[in-house]
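Please look through the structure below together with its sequence.

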Amino acid sequence: MTEPLIRTVGLSGILVTFAQAMNEPANRAALAFRAAVEDAAWPEVTETSTSLVSTFLAVDLSATPMEQITDRIQSLLATQDWTQAPLPAGRTLWHVPTVYGTDLAPQLEEAAAVAGVDPDAAIAELSTSRVRVLTIGFAPGQPYMGELSETWNIPRQEGLTKSVPPGALVIAIRQLITFTNASPTGWRHIGQTAFANFRPGADTPFALSPGDELTFPAISRAELEDIRAKDTSGNGGASWEALT
Amino acid sequence: MSAALDILQGGPSLSIQDMGRRGYRAVGLTEAGAMDPEALHEGAALLHQSPDFAAIEMAGSGGSFRATADIRIALTGATMAATLDGEALTWNASHAMPAGATLTIGGARRGSYGYLHIGGGIATDPVMGSRSSHLRAGVGQTLETGDTLPIGADAHTEVSNGLTPSDRFDGGKVRIVASMQTEAFDQDTRDRFTATTFRRDPRGNRMGVRMDSEGAGFSTGSGLSIVSEIVVAGDIQITGDGAPFVLMCECQTTGGYPRIGTVIPCDLPRIAQAQPGTAITFEFITMAQAIALGQRHAADMAGLRSRVAPLIRDPATIRDLLSYTLISGVISATTNPFEE
């Protein structure tokens, strides 16, 4: 495939894809191209978003001639090399306390086994890795974060876990997710946080933005219970600092 | 004081729905809104108001309701038994609902999602530009017994009109277009997919509906590690065990499972309304055909109002027939008129 690739998504819109697999330049390109489409304010585009390596333009394709929108996209794509774009401005570094394993996160040992490391080594690495929000998706404010070391290039499990709770830290394909809501998932549940991605009714309902960075330091179950009792902000005991 | 609707007794899954919430896909929130948007158009046509007005979506069964003022209602979507103070009401029709009267709506007899529309619409405060509840996202919630809902000002008075809905309540053939991962499935798998008669699994909700079939699943072989990508309502996702899930209006914004195709928007209510066990088949069509069908559907929705007609009441179904003054000036044969 030749990037960028322009494809239809049902009759719901157009997807511009900058790479076939996750990589950082393609992720930056998707974020920058989305910002440029927003600035252009084309009337047929009702909203935009990004996935890991793609920009999505919501367009009613039964009401808009296809060439009209693809011509506009082609012209904008030709204006620069989008993979050279900088990361978004105003980013934040979060440290989110996390209980690894135990019955709160029952798939740590299974994930470690699939990755070929023992559980203690897994916790040592995961609790000190720093990851970036590559995209927000699946549920309100829910971050896809990466990339972890090649050790964690493990597939999703076959079959779905029936439900993981809000704040669950899950892993697959060198990425982490903290879940917004209780949800079924094919990713393995390795840690539990009290961090709320989405805070309906708050002044800032969405805690994270693409480009923010996070670490998940290890704490005990007692410490998590203490945080849950005391921190009602949604931060789940997390600290944060501005990235410059 | 403006009118309000009291929920005397709520079924298990009532929620306020409109055409959904746009502009939050980038932070992980899909448009959602009504599972059967066509039903919102029908309710709007029956009440002569905007299809953007919010209504009550009733999954599986309704409940009982009472208004604090004289209001107009319309009933659309899945057919449910409805009575007003004990008198049967016609479905797919508009009715006067006097203050204090009790509206009772039972279980779905045909279809899955019924709608109760109010003249003037449900007038709760919009959240992020919409009154619809996105149940999976935690925006809004299911309605409960004891809730009171504000009702907007009604600009019209006409009632007792009916409309014949489109045929979408019994499953059948559903048209799909190729998705970005259709070609990841080999031709044999795609042929088997379109030759299979699926049954709608009982596991289905506003997020997605599982399709059951006999025989092998529909895997791609490499499906478990593809890059997470945008998903839209109608995408048919194949999970690890090979079973297709049709993603519905409250689906996630991105997902990592391959999609074998995408149900065209105007056929998605057919999936929403199919009851568990209903037979469904899928047929690939071209983008050009899908666009033509989308345009025809938009024209049909715009023209619904011209198809609204006064209800013709069958006297045999009017329970309180004797209370109507059908003929005036009748002289009794058994009383002596001279004794009065």
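In this predicted model, Ile7(B) stands opposite Phe65(B), a residue of β4(B). The two strands involved, β1(B) and strand β4 (residues 61-67) of chain B, run antiparallel and are joined by five bridges. Strand β1 (residues 4-10) of chain B also pairs with strand β9 (residues 148-150) of chain B, again in the antiparallel sense, over three bridges.

Chain B has 340 residues, of which 48% count as buried. Its C-alpha trace spans about 95 × 40 × 35 Å along the principal axes. Among contacts between residues at least 6 apart in the sequence of chain B, 79% join residues at least 24 apart.

Next comes the division into domains. Domain 1 of chain B covers 4-165 + 311-317, and domain 2 of chain B covers 172-300. Their C-alpha centres lie 28 Å apart. Where the two domains touch, domain 1 of chain B supplies 17 residues and domain 2 of chain B supplies 12 residues. On the domain 1 side of this contact, strand β8 (residues 102-118) of chain B gives the most, with three residues. By residue type, the side of domain 1 of chain B that touches domain 2 of chain B holds seven polar, five nonpolar and five charged residues.

Key
Residues are numbered from 1 along each chain as its sequence is written. Chains are lettered from A and ligands numbered from 1 in the order in which they are written. This is a predicted model: local features need pLDDT of at least 70, side-chain atom pairs count only at pLDDT 80 or more; totals for chains, interfaces and linings use all residues. Domain bounds come from an automatic or database domain assignment. Two residues are in contact if their C-beta atoms, placed from the backbone, lie within 7 Å. Helices (H or I, at least four residues) and strands (E, at least two) are DSSP runs, numbered from the N terminus. Ala, Val, Leu, Ile, Met, Phe, Trp, Tyr, Cys and Pro count as nonpolar, Asp, Glu, Lys and Arg as charged, and the others, Gly among them, as polar. A residue is buried if 20 or more other C-beta atoms lie within 10 Å of its own, exposed if 12 or fewer, and partly exposed in between; C-beta atoms are placed from the backbone. Two strands pair if DSSP finds at least two bridges between them.
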